[in-house]
Amino acid sequence: MRVAIDNRAVIHSGIGNYSAILLSLLPQVNKDIETIAYEDNFAFNRQGFWNKYVNGLRRLIRDQIFLSSWMKKEKIDLFHNPRNTGVPFFHTGKVVVTIHDIIPHVFPKFYLGNIIERLYYEVMIRLSIYRSDKIITISEFSKQELIKYYQVPADKIVVIPLACSDKFRVLDQESIEKVKTKYQLERPYILTIGGSEYRKNVKTVLEAYDEEINKQYDLIVIGGSWRGRDLANEYKDKGGIKFLTGIPDDDLVALYNGAAVFVYASIYEGFGLPLLEAMGCGTPVIAANTSSLPEIAGNAAVYFVALDVVDLKNKTKNVLLNVKLKEKLIKQGFVRFHLYNWKYTVQKTSSIYKKI
């Protein structure tokens, strides 16, 4: 079976890593599968009119006119698009689409800047749904969202969870201290991820960081400004807070390891991979009680009401002070981390290919 996998997601992004893993591991778990990467040379991002709109239009034309003929030429048996949209309408072969989430639909005000972007998104996501023989999604939560907002038949959707790289592991103290020195982290710290992106809800974490917590702990935020919103500038006068951007994965592993607790406050996630990253590093987790987060973290996290600053403040203090609770979360976190693995993800994906 010759399987073409769309490999045009940003390298090192979540979907980019997912695509790369499918391309490399599918032939290993199933010798009958040959994977072929589908790529183009269009820079497509939100920086500048040309990249955002002109290259977006060029990619749309290429998808609808040339992609199908490319697959016929390459004798492709099945096309898998792992990045939500980008399926040729007139293609007659088998198609699998992975729809990770529908964030732009749920929060159009923040993720789709104008009516053109909203119309484009809705047309393309509905095309993916209509044209696919099977839809893969990454959590039961995302499956229910597709059913709720797009009336997708439940039997057309299969949930295949993601996994976490084994690089997220417990490190020796020397490696941790080296990275802490690099980023000038002299005090114990609380770690969170998301920068200024709206749905990541870091503002709630910043508001919950009060004087009592500040006496013993710094607050480290991974991520910077987002579409003109800059929480780092907004909280620059509040002591103990440090924003870090452009962090290499190896340093991120050490930062997880060194944290007293990891707080993930996101209000909407298709999966929530940082939860597993922290757990793999032996860090206790506090998470918002929304979207897919309870599904993924299970009993290995303490949950707070997503936008409730007081609740997060109390839960954070409780975890920091309760040694037995921290030990329990760490132990359960390791168990949860190992429930998810890429071999299972790829084997399950392979079985979907064969069925259709």
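**View 1. Overall dimensions of the predicted model.** The radius of gyration is taken over C-alpha atoms, and the globule rule used beside it is 2.2 Å times the number of residues to the power 0.38. For the 356 residues of this protein, a compact globule would have a radius of gyration near 21 Å, and the value for the protein, 21 Å, agrees with that. This is a predicted model, in which local features need pLDDT of at least 70 and side-chain atom pairs count only at pLDDT 80 or more, whereas totals for chains, interfaces and linings use all residues. Residues are numbered from 1 along each chain as its sequence is written, and side-chain values use heavy atoms, with hydrogens and water left out. The C-alpha trace spans about 65 × 45 × 40 Å along its principal axes, and the protein has 16 helices and 12 strands (DSSP runs, H or I of at least four residues for helices and E of at least two for strands, numbered from the N terminus).

**View 2. The stacked pair Phe89 and Tyr130**. Rings of Phe, Tyr and Trp (its six-membered ring) pair if their centres lie within 6.5 Å, with planes under 30 degrees apart counted as stacked, over 60 as edge-to-face and the rest as tilted; by this rule the count comes to 12 aromatic pairs. The rings of Phe89 and Tyr130 have centres 6.2 Å apart and planes at 15°, so the pair is stacked. Because Phe89 lies in the loop between β3 (78-81) and β4 (94-98) and Tyr130 in helix α5 (residues 115-131), the pair ties together parts 41 residues apart in sequence. Phe89 is partly exposed, with a relative accessible area of 38%, and Tyr130 is exposed, at 62% (buried means under 20% relative accessible area, exposed over 50%, partly exposed in between, with a 1.4 Å probe and protein chains only).

**View 3. The edge-to-face pair Phe107 and Tyr268**. The centres of these two rings are 5.6 Å apart, with 85° between the planes.

**View 4. Lys215 in its loop**. Lys215 lies between α9 (211-214) and β8 (218-222) and is exposed, with a relative accessible area of 66%. Lys215 and Thr290 are 75 residues apart in sequence and 30 Å apart in space, C-alpha to C-alpha.
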